[in-house]
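The sequence and structure come first.

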2 protein chains.
Amino acid sequence: MECSDYGLTRTLERDNLNLNPLQRGGVLPAAARKALYEFGDGYSVCDYCEGCLDQIPRPHVNSFLDDLADFIKADAVRTVHGAREGKFAVMHALCEEGDTIVVDGNAHYTTHLAAERNGLEIVEVPSTGHPDYEIKPETYREVLEETLEETEVKLAVLTHVDGNYGNLTDAAAIAGICRELGVPLLLNCAYSMGRMPVELKTLKVDFVVGSGHKSMAASGPIGVLGMSAEWEDLLLKRSPRHEKKEVELLGCTSRGAPLATLMASLPYVRERVSRWDEEVERTRYLVSELEKMDGVRQIGLRPKEHDLVRFETPVFHEIASSHPRRGFFLYEELKKRRIVGIRRGQTRWFKCSVYGMTDRQVQYIIDSFREIVEENRD
Amino acid sequence: MECSDYGLTRTLERDNLNLNPLQRGGVLPAAARKALYEFGDGYSVCDYCEGCLDQIPRPHVNSFLDDLADFIKADAVRTVHGAREGKFAVMHALCEEGDTIVVDGNAHYTTHLAAERNGLEIVEVPSTGHPDYEIKPETYREVLEETLEETEVKLAVLTHVDGNYGNLTDAAAIAGICRELGVPLLLNCAYSMGRMPVELKTLKVDFVVGSGHKSMAASGPIGVLGMSAEWEDLLLKRSPRHEKKEVELLGCTSRGAPLATLMASLPYVRERVSRWDEEVERTRYLVSELEKMDGVRQIGLRPKEHDLVRFETPVFHEIASSHPRRGFFLYEELKKRRIVGIRRGQTRWFKCSVYGMTDRQVQYIIDSFREIVEENRD
C-alpha cells in the first residue's frame, strides 16, 4: 500500500485554469502554503493552548479573531468546520425540535440538512423561477408574515449569494423585514465572505457564516461564524462542568492546519475583497463576450453582481448531438486547452467562475470557447 | 499585515523532541506531507464528487473507506471532524434531550460536552482514584445496573485509553456487560486507534471513534466513526429532500486536506500499529529508568499498556522551590537540551510520551532528566 494507491495527486486541477466556482475562492496564497507546511502535523495549533482555542496566544489565534471580527464587522466571531456546521450551531442554539424556520428558495442543500438534523420545519420563500431565480424582499416578507400568522418562526435564513445562479440577494432589505417582524436572521455567506465585502453591522443581520475553503483562501474544512453581541451568551454558552469550554462548539472546532491557513490568508483576503469591483467587471466581460455567440445565455440576475455564472449553452448541446465524442467533446476540447472544471459530459448548461484570474486568462478562456464552437460546429 | 503577524511558525515544536502526548501520534509521514501539498487548496477532494464524499472515486475515498473499515473491523465507517464530533453524532442519533447515558470517570471533557450539547444526563462510573485511577468492569456493571433500575440508559460510553493517565480499559469485558444489559456501547479510541490495534468486531462494541490528528498521523481536524451494521440505518440516515446526503453528517464532513493526509497515512499507520508491542516496551523502559531517580513516580495502571505516562515528580518540585528560575527551570533546562512539550512552570507532575521515538532518543531523554536533577539538586 502506497500513497499513490488512493490516487492522491491533483496535478490536473492545480496546474490548469479551473473554472469550477467551488474551487476559485479556496486557492491558497504563498503565505498560507507556508502556514500549511508549518502547521501540517496533527494538533499543531494547540501547543500553547490553555483551554480555549480562541484564546491561544501562539500562534496568535486571539488577535486573529479580533481582526476577523473587525473584517466582517461582527461583535463576536468563532471558527467552525464550515458554513454548514455554523448554520447547524445557530439553529441548534436557537431552536427546539419541531420549530419552524423560513429559508429562501435558493438555499444550499446544507441549509436544509442543518435544519433536518435539528428536526426543524422549513418554510420556503420561492424565487421568481426561470430565468432570473430572484429572491425578492417583498416575497420574503409575504412568506414570513403568512408563516407568523400560523406559528412562531425561530429563525430566518437567507443565502447571500447562492451556488446555482450566483445571485446576490438584498440582505439589508430582508434583514430590515426580519427585524420589523422580530425574527433573527442568519446570512449564509459561503460564496460571499472573503470574495466581496460582508459586514454584519452594515447589513444588520444577527448571524453570518462563511466558508474558508470556498471563499477565504483557506485549506478545508473551516468556516467562520460571526454574530451580534445580543446572541453571544446563548451561542457561546460555557459548559457548567468545564468552564472554559463553549458547549455549542464542543470546546473547540478547527484545531489544526485549516485554521493556520485561514489566519495566514486574512491579509490577502482583505486586500482582494477591496478589489471586488474589478472581479465583477471581469465577470461581466466574460458574460458579454460569451453571449455574443449564438446559443449561449446567462441565467440568473443581470447584470452579474458575483463571479459565479450559470450559462445555458444550447450551442454546445447541439454540437454534442452529432460529435463523435458526444457530450464529452466539450470537456475534452477544454482540457486540450488546459481549461478544467466543467464536468465531463455536461453541455446543456454549466456553472463557471473566473474569480482571481487575470484579464489575459479570461480572454484566453473566451477565445477558447469561441474556437471550440468554430472548430466543431457543422 | 503579514503572515508573521500571527506568529505562524512552529519551528520549536517541529525541530525538537516533543514529549507532549497530544503531539506524538499526529506527526505526518512523508506521504502525508505530499498529500498535504497536493490537496492544500480549499475544497480539494471535491473535484470528482457526485454528491457523496464517501463515494468520491478520485482520489479514491471510496476504496480508502473500505480499507479503513477493514483496518478497524467495522461494518461501516465515515470520517468526521474529530472524535468529539463523532461522539456528538452518535449521541444525537441515539438519544433525545433529557435522556441518560453512562460514562466512565476518566472520560475526556469532550465526552461531557457532546452530552451537554445534546441535553443528556451523565451518570459516571468512578475510577479507583489515586494512584491507579482504574475503571473496573465490575464498577461499570454496578453503576449501569443501578442506573437501569431508575431509568432507561440510551448509550454507554467508555474511554479506551484516557488522556490523563494513559490507562487502557478492558473494553471487551465492559462491552460484554453492556450487551448483557442491552445498552449500546461507544468506545472513544482517540488515544488508541492508529497507535494500537482497535477492532470493533473483536471488542464487540457498537461504535468506535478515533482521532486522525491525535493518533492517526493526519493533519487536523479529522476523526473516524466506525459502527456495526445494525446502526447504519439510524446513523447514516439520508435526507428525504437530498437523497444522496447523510443527515447526521450534514451531507459531508472532512472535505479537504485532513482527509487526504489520513488517506496517505493509512499504510504507515497500519504498519506502526503492528509494532505496538515495541512502543509499549519503550514506554516501560522509560518508566523504569525515570523511577530509578528518587522523587519520580508513575501514576496510573502498572505496568504501562500505553505510551501516555503521567509522572508525579516531587524531585523537580523541590528543586523549583530554591532555584533562581523557580518553576520555569525544568522547561528551560529541557529546552536547552532540545526537548519540549512539558508545560512552562510545571514541576509537580507532568504527562509525557515517547511514542514514535527511537531507542536512542528515549535514552537521550532519560539521560537528560538525570542530568537536570544532578546539576540542579543542592
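## Conventions

Helices (H or I, at least four residues) and strands (E, at least two) are DSSP runs, numbered from the N terminus. By that numbering A:Leu144 lies in helix α7 (residues 137–150) of chain A.

This is a predicted model, in which local features need pLDDT of at least 70, side-chain atom pairs count only at pLDDT 80 or more, and totals for chains, interfaces and linings use all residues. Residues are numbered from 1 along each chain as its sequence is written, chains are lettered from A and ligands numbered from 1 in the order in which they are written, and side-chain values use heavy atoms, leaving out hydrogens and water.

A:Leu144 is buried, at a relative accessible area of 0%; buried means under 20% relative accessible area, exposed over 50%, and partly exposed in between (1.4 Å probe, protein chains only). Not counting residues up to four places away in sequence, A:Leu144 touches A:Val102, A:Val153, A:Ile177, A:Cys178, A:Leu181 and A:Val183, where contact means heavy atoms within 4.5 Å. A:Ile177 is 33 residues from A:Leu144 along the chain, and their C-alpha atoms are 8.9 Å apart.

A:Glu333 belongs to helix α15 (residues 329–336) of chain A. Its relative accessibility is 9%, so A:Glu333 counts as buried. The side chain of A:Glu333 makes polar contacts with the side chain of A:Lys336 at 3.2 Å and with that of A:Arg337 at 2.8 Å. A polar contact is a pair of N or O atoms within 3.5 Å; within protein, one must be able to donate a hydrogen and the other to accept it, and residues adjacent in sequence count only if both atoms are side-chain atoms. With residues up to four places away in sequence left out, A:Glu333 touches A:Ile372, A:Glu375 and A:Asn376.

## Aromatic rings

The whole structure holds 19 aromatic pairs over all chains. Rings of Phe, Tyr and Trp (its six-membered ring) pair if their centres lie within 6.5 Å; planes under 30 degrees apart count as stacked, over 60 as edge-to-face and the rest as tilted. A:Phe64 and B:Tyr6 are edge-to-face, at 5.5 Å centre to centre and 85° between the planes. This pair joins two chains, because A:Phe64 lies in helix α4 (residues 61–72) of chain A and B:Tyr6 in the segment before α1 (11–15) of chain B. Both A:Phe64 and B:Tyr6 are buried.

B:Tyr133 and B:Tyr165 are stacked, because their ring centres are 3.9 Å apart and their planes at 5°. This pair links distant parts of the chain, 32 residues apart: B:Tyr133 is in the loop between β4 (121–125) and α7 (137–150) of chain B, and B:Tyr165 in the loop between β5 (153–159) and α8 (171–181) of chain B. B:Tyr133 and B:Tyr165 are both buried.

## Interface of chains A and B

The contact takes 91 residues from chain B and 91 residues from chain A. About 7,900 Å² is buried between the chains, 53% of it on carbon and sulfur atoms; buried area is the accessible area (1.4 Å probe) that two parts lose on being put together, summed over both. B:Tyr6, B:Arg117 and B:Leu250 supply 12% of the area that chain B buries against chain A, more than any other three residues.

Between chain B and chain A there are 14 salt bridges, each a side-chain nitrogen of Lys or Arg within 4 Å of a carboxyl oxygen of Asp or Glu. A salt bridge joins the side chains of B:Glu38 and A:Arg14 (3.1 Å, N to O).
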